[in-house]
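Work through the exercises below on a two-chain interface. Try each task before reading its solution.

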Amino acid sequence: MPKIKKKRLGFVIDMTPMVDVTFLLLTFFMFTAKFKTEAEAEQKFVIKRPYASADTSKLPDKDIAIIKVGIDTLTGDTSYYYTIVNELQRRQVYDNLNFTPEQRKPQLKVGLDLLDQLIMQTRITGPRTRFAIDGDRRIRYKWVEDAIDVLRKNNATAFNFVTEKRQ
Amino acid sequence: MAGGGGGLELPERQRRGKKHSKRKKKKRLGFRIDMTPMVDIVFLLLTFFMYTTTMVTPQVMEISVPKEVEENVEVNQANLFTLYVRGDGKLFFSMGTDEPQPLALSDLRSKAVELNLLRKNKLITAFKPSPDAPYGVVVQVLDILNQAEAEIIRQLQAEGIKRERKFAFVKLSPEEVEKLKGL
(Lines give C-alpha, C1' and ligand atoms only; values in the text may rest on other atoms or scores of the structure.)
Protein backbone atom coordinates (compact mmCIF):
# COMPACT_ATOMS: atom_id res chain seq x y z
CA MET A 1 0.00 0.00 0.00
CA PRO A 2 1.47 3.32 -1.02
CA LYS A 3 2.03 5.91 1.61
CA ILE A 4 -0.46 8.75 1.59
CA LYS A 5 1.27 12.09 1.57
CA LYS A 6 0.06 14.33 4.28
CA LYS A 7 -1.11 17.66 2.99
CA ARG A 8 0.62 20.52 4.75
CA LEU A 9 -2.03 22.93 5.83
CA GLY A 10 -1.43 26.45 7.08
CA PHE A 11 2.11 26.56 5.78
CA VAL A 12 3.61 29.96 6.65
CA ILE A 13 6.80 31.73 5.60
CA ASP A 14 7.98 34.75 7.50
CA MET A 15 8.02 37.40 4.80
CA THR A 16 9.14 40.28 7.01
CA PRO A 17 12.83 40.45 5.94
CA MET A 18 11.88 40.17 2.30
CA VAL A 19 9.30 42.91 2.65
CA ASP A 20 11.89 45.11 4.40
CA VAL A 21 14.34 44.79 1.55
CA THR A 22 11.66 45.16 -1.09
CA PHE A 23 10.38 48.35 0.47
CA LEU A 24 13.90 49.69 0.68
CA LEU A 25 14.48 49.04 -3.02
CA LEU A 26 11.07 50.43 -3.91
CA THR A 27 11.68 53.70 -2.10
CA PHE A 28 15.12 53.97 -3.68
CA PHE A 29 13.81 53.54 -7.20
CA MET A 30 10.83 55.80 -6.53
CA PHE A 31 13.01 58.65 -5.31
CA THR A 32 15.58 58.33 -8.05
CA ALA A 33 12.99 58.09 -10.81
CA LYS A 34 13.09 61.06 -13.12
CA PHE A 35 10.10 61.53 -15.27
CA LYS A 36 10.14 62.49 -18.89
CA THR A 37 9.65 66.14 -19.63
CA GLU A 38 6.76 67.36 -21.72
CA ALA A 39 9.06 67.77 -24.69
CA GLU A 40 10.49 64.27 -24.48
CA ALA A 41 7.10 62.65 -24.05
CA GLU A 42 5.87 63.66 -27.48
CA GLN A 43 9.01 63.23 -29.53
CA LYS A 44 9.01 60.54 -32.16
CA PHE A 45 12.68 59.71 -32.10
CA VAL A 46 15.23 58.27 -29.76
CA ILE A 47 18.63 59.86 -29.74
CA LYS A 48 21.51 57.43 -29.63
CA ARG A 49 24.13 59.75 -28.21
CA PRO A 50 27.76 59.55 -29.23
CA TYR A 51 30.03 57.89 -26.72
CA ALA A 52 32.72 59.75 -24.83
CA SER A 53 34.89 58.92 -21.88
CA ALA A 54 33.72 59.82 -18.40
CA ASP A 55 33.40 63.51 -17.84
CA THR A 56 32.47 65.33 -14.69
CA SER A 57 30.21 67.87 -16.36
CA LYS A 58 26.58 66.81 -16.54
CA LEU A 59 23.96 68.30 -18.77
CA PRO A 60 22.46 71.21 -16.80
CA ASP A 61 18.69 71.25 -16.51
CA LYS A 62 18.27 74.99 -16.09
CA ASP A 63 18.95 77.92 -18.39
CA ILE A 64 19.63 75.79 -21.39
CA ALA A 65 18.38 75.53 -24.92
CA ILE A 66 18.83 72.22 -26.68
CA ILE A 67 19.21 71.70 -30.40
CA LYS A 68 18.38 68.08 -31.04
CA VAL A 69 19.27 66.36 -34.26
CA GLY A 70 17.23 63.21 -34.37
CA ILE A 71 16.31 60.49 -36.82
CA ASP A 72 12.58 59.85 -36.98
CA THR A 73 11.95 56.22 -36.06
CA LEU A 74 9.16 55.81 -38.61
CA THR A 75 10.33 57.73 -41.65
CA GLY A 76 14.07 57.73 -41.05
CA ASP A 77 14.32 61.44 -41.80
CA THR A 78 16.83 63.58 -39.97
CA SER A 79 15.72 66.96 -38.70
CA TYR A 80 16.40 69.62 -36.11
CA TYR A 81 14.28 69.99 -32.99
CA TYR A 82 14.57 72.97 -30.70
CA THR A 83 13.69 73.15 -27.02
CA ILE A 84 14.02 76.01 -24.58
CA VAL A 85 13.88 74.40 -21.17
CA ASN A 86 12.78 77.48 -19.23
CA GLU A 87 9.04 77.79 -19.75
CA LEU A 88 8.82 81.55 -19.17
CA GLN A 89 11.60 82.20 -21.63
CA ARG A 90 10.04 79.85 -24.13
CA ARG A 91 6.76 81.75 -23.97
CA GLN A 92 8.57 85.04 -24.40
CA VAL A 93 10.47 83.79 -27.44
CA TYR A 94 7.30 82.41 -29.03
CA ASP A 95 5.53 85.72 -28.38
CA ASN A 96 8.33 87.66 -30.01
CA LEU A 97 8.12 85.48 -33.10
CA ASN A 98 4.29 85.74 -33.23
CA PHE A 99 3.75 82.01 -33.13
CA THR A 100 0.29 80.55 -33.71
CA PRO A 101 -1.19 78.37 -30.92
CA GLU A 102 -0.41 75.24 -32.97
CA GLN A 103 3.25 76.17 -33.14
CA ARG A 104 3.61 76.64 -29.39
CA LYS A 105 4.91 73.18 -28.64
CA PRO A 106 7.62 72.62 -26.03
CA GLN A 107 9.74 70.96 -28.71
CA LEU A 108 9.65 72.37 -32.21
CA LYS A 109 10.67 70.71 -35.40
CA VAL A 110 12.60 73.41 -37.20
CA GLY A 111 14.50 74.21 -40.33
CA LEU A 112 17.76 76.17 -40.35
CA ASP A 113 16.06 79.55 -40.93
CA LEU A 114 13.65 79.15 -38.05
CA LEU A 115 16.47 77.79 -35.90
CA ASP A 116 18.40 80.97 -36.59
CA GLN A 117 15.46 83.16 -35.52
CA LEU A 118 14.80 81.06 -32.43
CA ILE A 119 18.44 81.18 -31.34
CA MET A 120 18.55 84.92 -31.87
CA GLN A 121 15.42 85.39 -29.72
CA THR A 122 16.80 83.03 -27.10
CA ARG A 123 19.95 85.14 -26.94
CA ILE A 124 17.88 88.32 -26.58
CA THR A 125 15.52 87.02 -23.89
CA GLY A 126 18.21 85.25 -21.89
CA PRO A 127 21.79 86.25 -22.59
CA ARG A 128 23.02 83.66 -20.12
CA THR A 129 21.21 80.74 -21.68
CA ARG A 130 23.60 78.02 -22.71
CA PHE A 131 23.25 75.94 -25.84
CA ALA A 132 23.67 72.23 -26.27
CA ILE A 133 23.72 70.16 -29.42
CA ASP A 134 22.19 66.76 -28.84
CA GLY A 135 22.82 64.76 -31.97
CA ASP A 136 22.39 61.13 -32.86
CA ARG A 137 25.72 59.39 -33.42
CA ARG A 138 24.54 58.05 -36.77
CA ILE A 139 23.84 61.40 -38.41
CA ARG A 140 26.17 63.00 -40.90
CA TYR A 141 28.46 65.69 -39.49
CA LYS A 142 26.95 68.21 -41.94
CA TRP A 143 23.91 68.60 -39.66
CA VAL A 144 26.07 69.53 -36.71
CA GLU A 145 28.32 71.78 -38.78
CA ASP A 146 25.31 73.78 -39.98
CA ALA A 147 23.98 74.10 -36.43
CA ILE A 148 27.38 75.35 -35.25
CA ASP A 149 27.38 77.92 -38.05
CA VAL A 150 23.98 79.20 -36.93
CA LEU A 151 25.22 79.43 -33.33
CA ARG A 152 28.35 81.27 -34.42
CA LYS A 153 26.28 83.69 -36.45
CA ASN A 154 24.40 84.55 -33.26
CA ASN A 155 27.62 84.97 -31.31
CA ALA A 156 27.08 81.85 -29.23
CA THR A 157 30.63 80.59 -29.49
CA ALA A 158 30.68 78.35 -26.42
CA PHE A 159 28.29 75.45 -26.38
CA ASN A 160 28.09 71.78 -25.50
CA PHE A 161 27.85 68.45 -27.26
CA VAL A 162 25.66 66.03 -25.36
CA THR A 163 27.35 62.65 -25.02
CA GLU A 164 26.90 59.40 -23.24
CA LYS A 165 29.44 57.75 -21.00
CA ARG A 166 31.11 54.77 -22.62
CA GLN A 167 30.40 51.63 -20.62
CA MET B 1 -0.02 30.65 0.99
CA ALA B 2 -2.43 31.02 3.86
CA GLY B 3 -1.35 33.48 6.44
CA GLY B 4 -2.29 31.59 9.57
CA GLY B 5 -5.34 33.70 10.27
CA GLY B 6 -5.29 33.09 14.01
CA GLY B 7 -5.38 36.77 14.76
CA LEU B 8 -8.60 37.43 12.97
CA GLU B 9 -10.83 35.20 15.08
CA LEU B 10 -12.59 36.73 18.02
CA PRO B 11 -11.35 35.44 21.33
CA GLU B 12 -13.86 33.21 23.07
CA ARG B 13 -14.00 35.33 26.21
CA GLN B 14 -15.42 38.38 24.50
CA ARG B 15 -18.32 36.53 23.05
CA ARG B 16 -19.80 35.79 26.45
CA GLY B 17 -21.32 39.20 27.07
CA LYS B 18 -20.86 42.66 28.49
CA LYS B 19 -20.07 41.48 32.01
CA HIS B 20 -16.48 40.67 31.19
CA SER B 21 -15.67 43.62 28.96
CA LYS B 22 -13.86 45.46 31.71
CA ARG B 23 -11.45 42.62 32.13
CA LYS B 24 -7.75 43.38 31.59
CA LYS B 25 -6.76 43.07 27.97
CA LYS B 26 -4.55 40.12 27.39
CA LYS B 27 -1.46 40.66 25.28
CA ARG B 28 -1.95 39.05 21.92
CA LEU B 29 0.96 36.82 21.22
CA GLY B 30 1.84 35.42 17.80
CA PHE B 31 -0.22 38.01 16.03
CA ARG B 32 -0.02 37.70 12.25
CA ILE B 33 -1.15 39.73 9.27
CA ASP B 34 -1.37 38.19 5.86
CA MET B 35 1.20 40.19 3.91
CA THR B 36 0.70 38.49 0.57
CA PRO B 37 -1.45 41.16 -1.15
CA MET B 38 0.84 43.91 0.07
CA VAL B 39 3.91 42.07 -1.16
CA ASP B 40 2.21 41.57 -4.53
CA ILE B 41 1.64 45.28 -4.95
CA VAL B 42 5.07 46.23 -3.68
CA PHE B 43 6.75 43.88 -6.13
CA LEU B 44 4.63 45.23 -8.95
CA LEU B 45 5.67 48.79 -8.16
CA LEU B 46 9.28 47.75 -7.67
CA THR B 47 9.50 46.08 -11.05
CA PHE B 48 7.80 49.06 -12.67
CA PHE B 49 10.27 51.55 -11.23
CA MET B 50 13.23 49.30 -11.93
CA TYR B 51 12.36 48.93 -15.60
CA THR B 52 11.59 52.59 -16.16
CA THR B 53 14.69 54.01 -14.50
CA THR B 54 17.53 55.07 -16.70
CA MET B 55 20.79 55.05 -14.88
CA VAL B 56 22.77 56.92 -17.51
CA THR B 57 22.54 60.67 -17.27
CA PRO B 58 23.72 62.53 -20.32
CA GLN B 59 26.98 64.37 -19.95
CA VAL B 60 28.37 67.20 -21.98
CA MET B 61 31.52 67.97 -23.90
CA GLU B 62 32.37 71.63 -23.95
CA ILE B 63 33.19 73.14 -27.31
CA SER B 64 34.15 76.65 -28.16
CA VAL B 65 34.57 78.11 -31.59
CA PRO B 66 36.04 81.46 -32.58
CA LYS B 67 33.73 84.33 -33.43
CA GLU B 68 32.94 85.00 -37.04
CA VAL B 69 35.73 87.10 -38.42
CA GLU B 70 36.20 88.36 -41.92
CA GLU B 71 39.95 88.25 -42.26
CA ASN B 72 41.86 84.99 -42.33
CA VAL B 73 44.60 84.34 -39.84
CA GLU B 74 47.93 83.33 -41.32
CA VAL B 75 49.52 80.28 -39.81
CA ASN B 76 52.85 78.61 -40.27
CA GLN B 77 52.09 75.60 -42.44
CA ALA B 78 54.91 73.57 -40.91
CA ASN B 79 53.22 73.59 -37.50
CA LEU B 80 49.86 72.53 -38.82
CA PHE B 81 48.58 69.13 -37.75
CA THR B 82 45.47 68.36 -39.73
CA LEU B 83 43.02 65.60 -38.93
CA TYR B 84 40.45 64.43 -41.43
CA VAL B 85 37.46 62.16 -40.97
CA ARG B 86 36.23 60.65 -44.20
CA GLY B 87 32.59 59.86 -45.02
CA ASP B 88 33.06 56.21 -44.05
CA GLY B 89 34.44 57.18 -40.64
CA LYS B 90 38.12 56.55 -41.47
CA LEU B 91 40.64 58.89 -39.93
CA PHE B 92 43.51 60.59 -41.79
CA PHE B 93 46.19 63.01 -40.71
CA SER B 94 48.76 65.24 -42.34
CA MET B 95 51.60 67.43 -41.15
CA GLY B 96 51.98 70.78 -42.88
CA THR B 97 51.39 70.42 -46.59
CA ASP B 98 52.00 66.67 -46.71
CA GLU B 99 49.59 64.24 -48.28
CA PRO B 100 46.99 62.86 -45.81
CA GLN B 101 47.89 59.45 -44.40
CA PRO B 102 45.56 56.96 -42.73
CA LEU B 103 45.64 56.82 -38.95
CA ALA B 104 43.92 54.32 -36.67
CA LEU B 105 41.71 55.78 -33.97
CA SER B 106 43.67 53.86 -31.36
CA ASP B 107 46.93 55.53 -32.46
CA LEU B 108 45.51 59.05 -32.40
CA ARG B 109 46.19 59.68 -28.76
CA SER B 110 49.87 58.76 -28.81
CA LYS B 111 50.31 60.65 -32.10
CA ALA B 112 48.77 63.84 -30.68
CA VAL B 113 50.87 63.63 -27.53
CA GLU B 114 54.06 62.93 -29.46
CA LEU B 115 53.60 65.80 -31.92
CA ASN B 116 52.61 68.28 -29.26
CA LEU B 117 55.63 67.47 -27.13
CA LEU B 118 57.88 67.79 -30.16
CA ARG B 119 56.59 71.22 -31.20
CA LYS B 120 55.57 72.37 -27.73
CA ASN B 121 52.91 75.05 -27.91
CA LYS B 122 53.54 75.86 -31.56
CA LEU B 123 51.51 73.00 -32.95
CA ILE B 124 48.12 73.94 -34.32
CA THR B 125 45.58 71.17 -34.60
CA ALA B 126 43.06 71.62 -37.37
CA PHE B 127 40.12 69.25 -37.36
CA LYS B 128 38.46 68.76 -40.70
CA PRO B 129 35.59 66.31 -40.59
CA SER B 130 33.99 65.60 -43.92
CA PRO B 131 30.31 66.69 -44.11
CA ASP B 132 29.46 63.01 -44.65
CA ALA B 133 31.39 61.78 -41.62
CA PRO B 134 29.35 60.07 -38.91
CA TYR B 135 28.85 62.41 -35.95
CA GLY B 136 29.70 59.61 -33.52
CA VAL B 137 33.22 59.31 -34.91
CA VAL B 138 33.70 63.08 -34.85
CA VAL B 139 32.85 63.16 -31.13
CA GLN B 140 35.11 60.17 -30.54
CA VAL B 141 38.06 62.00 -32.12
CA LEU B 142 37.35 65.08 -29.99
CA ASP B 143 37.19 62.88 -26.93
CA ILE B 144 40.56 61.26 -27.69
CA LEU B 145 42.10 64.71 -28.27
CA ASN B 146 40.72 65.85 -24.91
CA GLN B 147 42.28 62.82 -23.25
CA ALA B 148 45.59 63.51 -24.96
CA GLU B 149 45.37 67.09 -23.80
CA ALA B 150 45.45 66.02 -20.15
CA GLU B 151 48.67 64.11 -20.76
CA ILE B 152 50.23 66.96 -22.75
CA ILE B 153 49.48 69.44 -19.98
CA ARG B 154 51.10 67.13 -17.43
CA GLN B 155 54.21 66.50 -19.50
CA LEU B 156 54.69 70.15 -20.42
CA GLN B 157 54.21 71.18 -16.83
CA ALA B 158 57.06 68.88 -15.89
CA GLU B 159 59.20 70.88 -18.32
CA GLY B 160 57.93 74.14 -16.86
CA ILE B 161 55.93 75.22 -19.90
CA LYS B 162 52.40 76.53 -19.66
CA ARG B 163 50.14 74.82 -22.16
CA GLU B 164 48.25 76.90 -24.69
CA ARG B 165 45.94 74.78 -26.72
CA LYS B 166 45.57 75.65 -30.35
CA PHE B 167 42.69 73.81 -31.88
CA ALA B 168 40.19 74.70 -34.56
CA PHE B 169 37.38 73.20 -36.57
CA VAL B 170 38.09 73.82 -40.22
CA LYS B 171 35.74 73.23 -43.11
CA LEU B 172 36.80 70.76 -45.70
CA SER B 173 37.04 72.21 -49.20
CA PRO B 174 35.39 70.29 -52.07
CA GLU B 175 38.85 69.51 -53.52
CA GLU B 176 39.93 67.96 -50.25
CA VAL B 177 36.76 65.87 -50.13
CA GLU B 178 37.65 64.49 -53.56
CA LYS B 179 41.24 63.89 -52.51
CA LEU B 180 40.17 61.94 -49.45
CA LYS B 181 37.85 59.78 -51.53
CA GLY B 182 40.77 58.67 -53.64
CA LEU B 183 42.84 57.48 -50.69
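**Exercise 1.** How many salt bridges are there between chain A and chain B?

Solution. Start with the ground rules. The model is predicted: local features need pLDDT of at least 70, side-chain atom pairs count only at pLDDT 80 or more, and totals for chains, interfaces and linings use all residues. Residues are numbered from 1 along each chain as its sequence is written, chains are lettered from A and ligands numbered from 1 in written order, and side-chain values use heavy atoms, without hydrogens and water.

Apply the criterion: a side-chain nitrogen of Lys or Arg within 4 Å of a carboxyl oxygen of Asp or Glu. The count is three. One of them joins Arg166(A) to Asp143(B), at 4.0 Å from N to O.

**Exercise 2.** Find the area buried between chain A and chain B.

Solution. Buried area is the accessible area (1.4 Å probe) that two parts lose on being put together, summed over both.

**Exercise 3.** How many residues does each chain bring to the contact?

Solution. Chain A gives 54 residues and chain B gives 46.

**Exercise 4.** Which strand of chain B pairs with β6(A)?

Solution. Strands are DSSP runs (E, at least two residues), numbered from the N terminus. Pairing needs at least two DSSP bridges. β1(B), residues 59-64, pairs with β6(A) in the antiparallel sense over six bridges. Among them, Asn160(A) is bridged to Glu62(B).

Methods:
Contact = heavy atoms within 4.5 Å. Helix = DSSP H or I, 4+ residues; strand = E, 2+ residues; numbered from the N terminus.
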